[in-house]
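Please view the sequence and structure first.

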Amino acid sequence: KEWCRLMPKIELHAHLNGSIRDSTLLELAKVLGEKGVIVFDDVKDVIMKCGRSLPECFQLFDLYHILATDHETVSRITKETIEDFAAENVVYLELRTTPKNNQAKGMTKRSYMKAVIDGLRDVDTVDVSFISSDILINHTSEKKKRIFVRLLLSIDRRETTEAAMETVDLAVEMKDLGVVGIDLSGNPIVGEWKTFLPALMYAKDKGLPITLHCGEVPNPEEIQAMLDICPERLGHACFLQDEEWQRVKSSRIPVEICLTSNLQTERLTSIDYHHFDDLYKAKHPVVICTDDRGLFSTTLSNEYYLAASTFGLAKGQMIELARSAIDFVFADDGVKKNIRELFEASERAY
Ligand code: 5GP
């Protein structure tokens, strides 16, 4: 387990609001409980529950959004998430989040994202680079850990075409502030493909890479339509049929693998049957990710350990797997070169 923590890692599928620390959630819930907005004891039980179905997760996200609703809290959870990933030697993090309008809090999608950026700037325990490829913001000490952070803006499946377009416009506007792509997520049984398609095509036109939550539930028509637009990466891909796998494999679309998330939300009966095994053996591009480290009480190191112990992979194979993800990041070549160097430096060190 220790080497899984020590080895440098790349995280490409992490949702900000799913990565909130339990301790922070409880603290936020306590404050809202005192104000009479929620009943603390009820919320505490929900937060501390282990093992949740997919529908329960989406109920919980609604609660998270109530708890983490103001700008200050958004900055705080961003800062803490960066610190937590850096602490376990994640050297490149592509953090995704859904920009939100919240009139009651005077929040727009743009001001939500400003709060995220403020959170990135607030980190002082690690050196964070989120804009240029080599200048590290908050760079103060050679001894501190370094992490490259880039952002993906998520379109929630509940949104209208207009709202999704607004997110893409914001992503274009924020290219100089570390935004590198677009994600489609949210409850997979909600919304229709034709609602998101115009915004996704618009993102493509603007040169923004796309990653899609694909096949979280059996929905062959939507899976086919997703593959038709040639996304740069796919998330989960649990319910693909043979013919769809053929397409994914022949186009070599990297797949973001979230083992604990898939297990806990019962998208498979046993981890032994997870498609990671087949993809890895077929040398298809895969990257191990957490999805929601807070919600599923996991870490990226833990996900690596789970993959190694379940599928019998040795330390060398895991290091190679981690390094191979450099090719699938959405950041530019300058960043890739820097991460490669971080990998090399860290391998020399341990
Ligand atoms: P946020 O975008 O608010 O920072 O992070 C939480 C959101 O990410 C959830 O409301 C949901 O839209 C999305 N999300 C988190 N985990 C999953 C998942 O496993 N599947 C899907 N489809 N969406 C998810």
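## Basis

The model is predicted; local features need pLDDT of at least 70, side-chain atom pairs count only at pLDDT 80 or more, and totals for chains, interfaces and linings use all residues. Residues are numbered from 1 along each chain as its sequence is written, and side-chain values use heavy atoms, with hydrogens and water left out.

Helices (H or I, at least four residues) and strands (E, at least two) are DSSP runs, numbered from the N terminus.

## Helices H2 and H3

Helix H2 spans residues 22–34 and helix H3 residues 40–48; they pack at about 165°, with axes 9 Å apart. Axes are lines fitted to C-alpha atoms, for helices over the stretch in contact, and angles run from 0 to 180 degrees between N-to-C directions. H2 and H3 are therefore roughly antiparallel. Angles under 35 degrees count as roughly parallel, over 145 as roughly antiparallel, 65 to 115 as roughly perpendicular and the rest as oblique. The H2 and H3 crossing is right-handed. That label applies if the near helix is turned clockwise from the far one by less than a right angle; anticlockwise counts as left-handed.

From H2, the contact takes Asp22, Leu25, Leu26, Ala29, Lys30 and Gly33; from H3, Phe40, Val43, Lys44, Ile47 and Met48. Contact means heavy atoms within 4.5 Å. By class, seven of these residues are nonpolar, one is polar and three are charged. Ala, Val, Leu, Ile, Met, Phe, Trp, Tyr, Cys and Pro count as nonpolar, Asp, Glu, Lys and Arg as charged, and the others, Gly among them, as polar.

## Helix H6 and its partners

Helix H5 (residues 71–87) and helix H6 (residues 109–122) cross at roughly 45°, and their axes come within 7 Å. H5 and H6 are therefore oblique to each other. Their crossing is right-handed. H5 brings His71, Val74, Ser75, Thr78, Lys79 and Ile82 to the contact, while H6 brings Ser111, Tyr112, Ala115, Val116, Asp118, Gly119, Leu120 and Asp122. The contact of H5 with H6 has six nonpolar, five polar and three charged residues.

H6 also packs with helix H7 (residues 161–173), at an angle of about 45° and with axes 10 Å apart. H6 and H7 are therefore oblique. The crossing of H6 and H7 is right-handed. Lys109, Arg110 and Met113 of H6 meet Ala163, Glu166, Thr167, Leu170 and Glu173 of H7. Three residues of the H6 and H7 contact are nonpolar, one is polar and four are charged.

## Cavity and pocket

The structure holds one cavity of 30 Å³ or more. On a 1 Å grid over the protein atoms alone, a cavity is a set of points where a 1.4 Å probe fits but cannot get out; a pocket is an open set with protein on both sides within 12 Å along at least five of seven lines; lining residues have an atom within 4 Å of a point. Grid points are joined across faces, edges and corners, and a volume is the space filled by probe spheres set on the points. The largest cavity holds about 40 Å³. Its lining is Arg157, Pro188, His213, Gly215, Glu216, Val217, Asn219, Glu222 and Ile223. That lining has three nonpolar, three polar and three charged residues.

The second largest pocket holds about 410 Å³. It is lined by 32 residues, and Phe58, Phe61, Ser185, Gly186 and Asn187 are the closest to its centre. Helix H4 (54–67), strand S2 (90–97) and strand S4 (146–156) each supply at least two lining residues. H4 gives the largest share, seven residues. The pocket lining divides into eight nonpolar, 15 polar and nine charged residues.

## Positive phi

Cys230 is not a glycine, yet its phi is positive, near 50°. Cys230 sits in the loop between helix H9 (220–228) and strand S7 (233–236).

Arg252, also not a glycine, has a positive phi of about 55°. Arg252 lies in the loop between helix H10 (242–251) and strand S8 (255–257).
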